[in-house]
Amino acid sequence: MVAAAGTMELEILGINFGCVLAALADAKIPEKDCLLPLASKLLGYAIVAASTTVKLPQILKILKHGSVRGLSVASFELEVVGYTIALAYCIHKGLPFSAYGELAFLLIQAIILVAIIYYYSPPMGTKTWMKALLYCGLAPTVLGGKIDPALFEVLYASQHAIFFFARLPQIWKNFMNKGTGELSFLTCFMNFAGSIVRVFTSIQEKTPLSVILGSAIGIVMNGTLLGQIVLYQKPAPKKEKKRD
């Protein structure tokens, strides 16, 4: 804690608690300009922490049933590409970790999820192996920022379309099947809630408009999937009463 011009300063992980402590010490309610940035940072780190388990319910559901029934492989593959581009862009722009940290954990889980889906899907053909090898060859270059800055901007602009189209195959498959198969409600709910909170934190962190737009698209698409799970949920069969 450092005293500076009569103001208390207490910074932990980039979060400044000084103005709040100063206001509370004077028995006053902290001002909005003090509370909003603090809330943004705390929510940002909460999203990062929660992101470590976002896709775990989906992974466990597949492993429990040994099935990928109703899941669109293309949706999950495009997710991996989108997370890779988004993470690389945020690192390249030097944004604070609280503004994008969840992308790192989501990418790791998305890769594991795709591997599990491949395992439980029909035998992998040459096309699937080529896609996997192409990703492994290009991902380190993109994440390392070893590409032209102009191309980086184009890639990041395209990742919004990638995330949009990543959800479409799954949404369409749900619509055609009138069911959501092994799609996890909990994972979709956490994705939806995380997108809402990330819009707020992105505005407070003054991130580029394109980052905010990506979260807004996430709200719409994840909200649609969540609505489908609720809409197509089949009621549990009623147990027959035993007759005497």
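This is a predicted model: local features need pLDDT of at least 70, side-chain atom pairs count only at pLDDT 80 or more; totals for chains, interfaces and linings use all residues.
The buried residues of α9 themselves are Val-211, Ile-212, Ser-215, Ile-217, Gly-218, Met-221, Asn-222, Leu-225, Leu-226, Gln-228 and Ile-229. An α-helix has 3.6 residues a turn, so residues three or four places apart point the same way.

How does the length of α9 check out, and what span should its 23 residues have? Helix α9 covers residues 209–231, and at 1.5 Å a residue it should span 33 Å.

## Asn-191, a residue to look at

Let's step over to helix α8, where Asn-191 is found. Is Asn-191 buried or exposed? Its relative accessibility is 12%, and because buried means under 20%, Asn-191 counts as buried.

Setting aside neighbours within four places in sequence, Asn-191 is in contact with Val-54, Lys-55, Arg-167 and Asn-222.

## The α4 and α6 pair

Another pair worth a visit is helix α4 (residues 73–93) with helix α6 (residues 126–143): their axes come within 10 Å and cross at roughly 10°. That angle makes α4 roughly parallel to α6. The crossing of the two helices is left-handed.

Which residues meet here? On the α4 side they are Glu-77, Val-80, Thr-84, Leu-87 and Ala-88, and on the α6 side Lys-131, Tyr-135, Ala-139, Val-142 and Leu-143.

## Annotated transmembrane regions

An unreviewed UniProt entry places the feature "transmembrane region" at residues 103–121, 180–200 and 212–232. In the model, residues 103–121 are 95% helix and 0% strand, with end C-alpha atoms 26 Å apart. For residues 212–232, the span is likewise 95% helix and 0% strand, and the end C-alpha atoms lie 30 Å apart.

## The whole chain

Stepping back, the protein chain has nine helices and four strands. Read from the N terminus, its elements run β-β-β-β-α-α-α-α-α-α-α-α-α.

How much of the chain is buried? Of its 244 residues, 39% are buried. As for contacts with a separation of 6 or more, 77% of them are between residues 24 or more positions apart.

Technical notes: Residues are numbered from 1 along each chain as its sequence is written. Side-chain values use heavy atoms; hydrogens and water are left out. UniProt positions are given in the numbering used here, feature names are shortened, and annotations may be inferred rather than shown by experiment. The expected span of a helix is 1.5 Å times one less than its number of residues. Buried means under 20% relative accessible area, exposed over 50%, partly exposed in between (1.4 Å probe, protein chains only). Axes are lines fitted to C-alpha atoms, for helices over the stretch in contact, and angles run from 0 to 180 degrees between N-to-C directions. Angles under 35 degrees count as roughly parallel, over 145 as roughly antiparallel, 65 to 115 as roughly perpendicular and the rest as oblique. A crossing is left-handed if the near helix is turned anticlockwise from the far one by less than a right angle, and right-handed if clockwise. Contact means heavy atoms within 4.5 Å.
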